[in-house]
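My entries follow in the order in which I made them.

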Amino acid sequence: MGLGSPITSGPFGAAGWIGSILRRMDWLSVAAIGLLMVCGLGMAWINARSYGQELLDPSSIFLRSIIWISLSVITFTVVTAINWRWIRTFAWPLYGANLLLLIATLIFGQDSGGNSRAIAVFGIAIQSSEIAKILTLVALATVLTRESAEADTLSNTLLGGLVVAPPFILVAIQPDAGTALIIVAALFGGLLLSGAATRWIAGLAAFGVLVLPLAWTFLIADYQKERLIAFIDPNADPAGPKYQLEQALVAIRSGGLFGIGFDGTGGINPLPVQESDFVFAALVRSFGLVGGLLVIGLIGLLVARLIWHAWESPDSFGTVLGGGLAAIILFQGGVNIAMNLGIAPITGIPLPFVSYGGASAISLAFGLGLVQSHRVHQGGGA
Amino acid sequence: MSSTHIYKRPLRFLAAAIFTVLLSGLLSARLVAVEVGGGGASSRDFNTLADGHRVIEEVIAPPRGLILDRTGRVLAENIATYAVQIRPGDLPLTIRPQVVKTLGEILQIDPVKITMTLDRATGSIWEPVRIASVVDEVVTRFIKEESAALPGVEVIFEPRRQYPYGELISNVVGYVGRIDALELSALLSAGYNELDYIGRAGVEQSYEEALRGEPGVRQVEIDVQGRIVRELGVTKSPIAGKSVVLTINVDAQQRAYDALAWGVKAAGNKEGVVTSVNPQNGEIIAMASLPTYDNNLFASGITTAQYQKYLNNKNAPLLNHAVGSHFPPGSTYKLVTYSCALENRVIGVDETLATPAYLEVGGQKFYEWNRAGFGRRLTPAQGFSYSSAVVTYQLAQRLKIDRLAACGRAWGFGEPTGIDLPTEIGGVVPDQDWARTTISRTLYDGEVLQSALGQGYDLATPLQVMNSFAALANGGTLWQPHVVLELRNPDGTLAQTIEPVERGSVGMRAATLAEMRRAARLVVANTLMTRNLGQIPLNLAGKTGTAEYGVRDKQGRLPYHNWISGFVAPTDNWSKTDADFAYVVFMHGSNTAANAAIEVLKRYLQLQYDLKRDYRIPGSMSIGNYYGE
């Protein structure tokens with residue numbers, strides 16, 4: 001068959017194909033994603049202003065955000081249109097390419113903080129870990145749904161762990177412990193909803209806990225340990241995180257019910273990294289309690305729709321994909337918002353689509369598009 | 001395919017859904033708690049919630065008032081400077097090398113130096129570390145634009161004092177310096193803090209209260225580490241300091257300064273004073289004191305080396321010698337002796353006294369200054385004009401020390417004049433009480449004679465000498481001299497006029513004072529004593545003085561200072577008391593061929609009164625041994 005689903009054949013042609021896609025798409029998810037992107041653009045506008053940037057300057061957060069969100073929309077649309085089975089076919093080459101990118105990042109990459117988290121490709125800094133979490137999930141969904149797979153066997157659970165381990169380690173030693181944990185969340189989300197046996201999931205978790213000290217001793221360099229400690233125990237670095245958090249709480253309090261709006265952003269000092277880590281606090285300052293609750297609601301709605309998709313899915317691929325992606329978004333949104341509210345440690349985990357960042361938005365759009373593709377392109381064999 | 005292996009566990013989906021809802025609910029609840037609990041505008045509620053946050057009141061320093069000359073020219077102003085500092089607590093260690101590198105490029109400072117400065121800094125990581133001072137404004141704008149890439153880097157505004165006329169009038173204007181711990185403990189209640197500047201000399205010091213203004217208060221919220229989290233509002237706006245307008249016109253100051261600068265250069269003596277005052281109200285017209293200092297060095301943070309250089313200079317450039325140093329007044333003090341004798345009627349105006357070469361007192365010979373005598377009898381006025389020592393001795397013998405000292409005090413000697421400048425000292429007028437408490441004996445007769453000559457224990461500041469002649473000129477009123485004319489509000493309106501303060505009266509009969517004015521005119525007209533000084537086309541009066549001090553040289557001669565003090569009257573009528581210009585010239589350790597002070601005075605009067613002819617006599621400032629009075 002061709003690029004489309006079998007439904008494309010018939011008297012209506014391409015129009016019918018598009019019509020069927022539009023009919024089968026989950027518009028609640030699309031609405032949630034769209035509104036989160038609008039929040040992201042709004043915050044980019046405010047952030048650009050509060051950093052004193054010219055809105056349409058090439059280096060402006062706002063202009064760049066428009067570009068990234070546009071690319072995300074295109075990615076989401078194209079992936080939705082493509083039959084998910086094609087993408088699954090390329091899961092392993094993509095997985096391999098992703099590992100190479102992660103290794104290259106470790107060797108050549110450097111971000112502004114001196115960590116090797118980003119790599120420059122054609123002059124654009126790419127955060128390979130953001131891409132890794134989605135491509136790893138696709139590979140996980142592929143391996144868990146191979147021909148011989150039995151969901152509740154030890155081998156199936158172990159295979160899942162083995163697929164996730166290399167990108168997890170490569171991301172963890174960048175070090176990007178936050179994203180590494182997101183990858184683990186995707187693994188457990190996928191395993192749990194696709195019906196892996198409780199004992200093997202528990203066993204895998206226990207294994208991870210046991211292996212950790214060994215990895216700590218042999219795999220991880222001292223400077224990487226310091227950074228991991230800083231993540232696990234933010235008080236190890238007494239200066240930074242606590243100060244940032246207090247700034248965030250003050251910003252949230254100043255928001256009131258409806259926030260200070262778009263006005264007044266010029267006179268207010270920007271929060272530390274308010275375009276990504278503390279975007280939620282900045283958002284509440286600008287749009288108040290109402291804005292904050294809206295974002296929490298949108299994240300919750302999106303996660304709920306993904307869980308629903310995993311439940312509805314006629315095949316395990318959709319279940320693992322939906323479960324894993326639900327775990328990723330719930331983990332990212334939950335940790336980011338919780339840390340803005342002072343009830344989780346401070347990490348560099350972005351708020352989906354609201355935080356500024358190209359790799360994060362595009363890779364999430366890729367994953368969510370794949371879920372839509374999975375809904376839309378049902379029927380017919382792979 | 002895989003769809004055949006589907007094995008779903010509904011409980012897990014239910015659990016996942018419930019977990020999602022619970023987490024969303026938890027986050028929402030927490031958001032509401034933070035938001036509503038925070039209480040928005042109410043800072044009191046806020047405090048209880050934000051752990052360890054407190055609201056404190058912080059002082060806002062007011063802009064310091066200006067110092068202006070009589071015509072409104074600015075003598076001390078505030079200029080804007082910028083400094084760059086780094087708050088180490090806001091600069092994550094991981095990105096420090098990069099930030100330091102970028103900042104080094106912007107400021108053109110070696111990054112290694114910045115790193116060393118940061119590493120050497122003591123104290124809290126929230127205490128800013130100074131990286132660069134007096135930074136160009138363009139550079140600061142660049143840093144502000146790059147602020148996202150330069151965490152922890154701050155640009156602060158620093159008002160700084162600038163003195164456009166520098167050394168010309170620094171002895172009057174003074175300078176400001178950072179408050180020190182001792183001053184701070186005394187001034188804490190007046191709203192000073194450790195970053196404040198305070199006047200340290202001159203008008204900057206004596207008018208500190210007016211210049212400073214009233215500090216404002218703002219409420220700020222600070223966290224546990226004492227860092228300001230946010231500003232809650234200004235509860236009291238600062239009130240800018242008042243501007244101080246001097247009685248001095250910088251043009252007049254320039255004339256005094258130039259005359260003195262020429263004098264000390266020509267005489268090579270390094271130290272001297274030229275000061276003038278309006279005898280009618282005590283307004284200082286000019287006040288030059290050399291050597292002096294550049295007060296701009298203090299404003300921009302003087303180096304230890306430069307400060308040490310000032311301190312080690314034995315001519316004390318930091319001291320305004322017009323008010324802060326006292327010297328034997330020499331024969332200028334004969335104003336006291338002669339007026340005292342006439343007033344006490346120990347001699348009549350027309351009575352004459354013999355002028356032998358010396359007077360023998362207590363077996364010791366006290367010589368006339370020319371060691372020969374004048375060969376004829378002299379009236380008091382003539383004795384004054386010849387500066388006769390022997391005539392003065394005879395008057396002193398008739399007066400006795402206590403009456404002489406009382407007259408000295410009546411003319412304002414022995415206590416500060418009360419001028420509105422700091423570090424003024426009062427000099428010494430010796431009498432028997434003073435001698436008993438200070439040197440534990442009574443004065444010998446010879447010492448009484450010396451005191452009548454302004455030698456021995458007598459000490460006076462140039463200002464006191466001038467003030468005595470100003471009182472002579474105005475008919476006996478001792479004004480409190482002042483350098484400040486008025487205070488002006490920041491908007492330029494008049495805040496306060498400094499009214500002339502009458503310290504008292506000399507308390508002598510008009511006839512006595514008129515006779516002394518005539519005598520002072522005779523001094524100027526006496527070509528033996530003052531050569532061509534009387535040719536100056538002014539109604540000039542005065543008294544010269546040569547005061548020995550220090551240690552005798554190989555020929556048994558002492559080094560000496562030269563003085564001249566007096567006034568310029570509008571008319572040749574010496575009974576009148578309407579002179580508006582009194583002066584003193586003091587040349588420290590001059591040791592010149594003629595009275596160096598007279599030469600400086602000639603130059604000063606030439607500049608002050610715009611005289612075409614130069615009355616200075618070539619060669620009189622060369623090194624010599626002038627022993628005239």
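I began with burial in chain B: 44% of its 629 residues count as buried. A residue is buried if 20 or more other C-beta atoms, placed from the backbone, lie within 10 Å of its own; 12 or fewer make it exposed, and anything in between partly exposed. The model is predicted, and local features need pLDDT of at least 70, side-chain atom pairs count only at pLDDT 80 or more, while totals for chains, interfaces and linings use all residues. Residues are numbered from 1 along each chain as its sequence is written, and chains are lettered from A and ligands numbered from 1 in the order in which they are written.

Next I looked up secondary structure. Chain B has 23 helices and 21 strands, and chain A has 14 helices and two strands. These are DSSP runs numbered from the N terminus: helices are H or I with at least four residues, strands are E with at least two.

Then I turned to the cores. A nonpolar core is a set of buried Ala, Val, Leu, Ile, Met, Phe, Trp, Tyr and Cys residues joined through C-beta atoms within 7 Å. The largest has 133 residues, and Phe567(B) and Val585(B) touch the most other members. Helix 10 of chain B (residues 250-267) gives the most to this core, nine residues. Apart from this core lies another of 105 residues, including Ile46(A), Tyr356(A) and Leu23(B).

Which residues does Val585(B) contact, leaving aside neighbours within four places in sequence? I listed Val274(B), Ile564(B), Ala597(B), Val600(B), Leu601(B) and Tyr604(B). Contact means that the C-beta atoms of two residues, placed from the backbone, lie within 7 Å.

My last entry is on a helix pair in chain A. Helix 13 (residues 316-340) and helix 14 (residues 358-376) of chain A pack at about 150°, with axes 10 Å apart. Axes are lines fitted to C-alpha atoms, for helices over the stretch in contact, and angles run from 0 to 180 degrees between N-to-C directions. The angle therefore makes helix 13 of chain A roughly antiparallel to helix 14 of chain A; under 35 degrees counts as roughly parallel, over 145 as roughly antiparallel, 65 to 115 as roughly perpendicular and the rest as oblique. In helix 13 of chain A, Phe317(A), Gly318(A), Leu321(A), Gly322(A) and Leu325(A) meet Gly367(A), Leu368(A), Leu370(A), Val371(A) and His374(A) in helix 14 of chain A.
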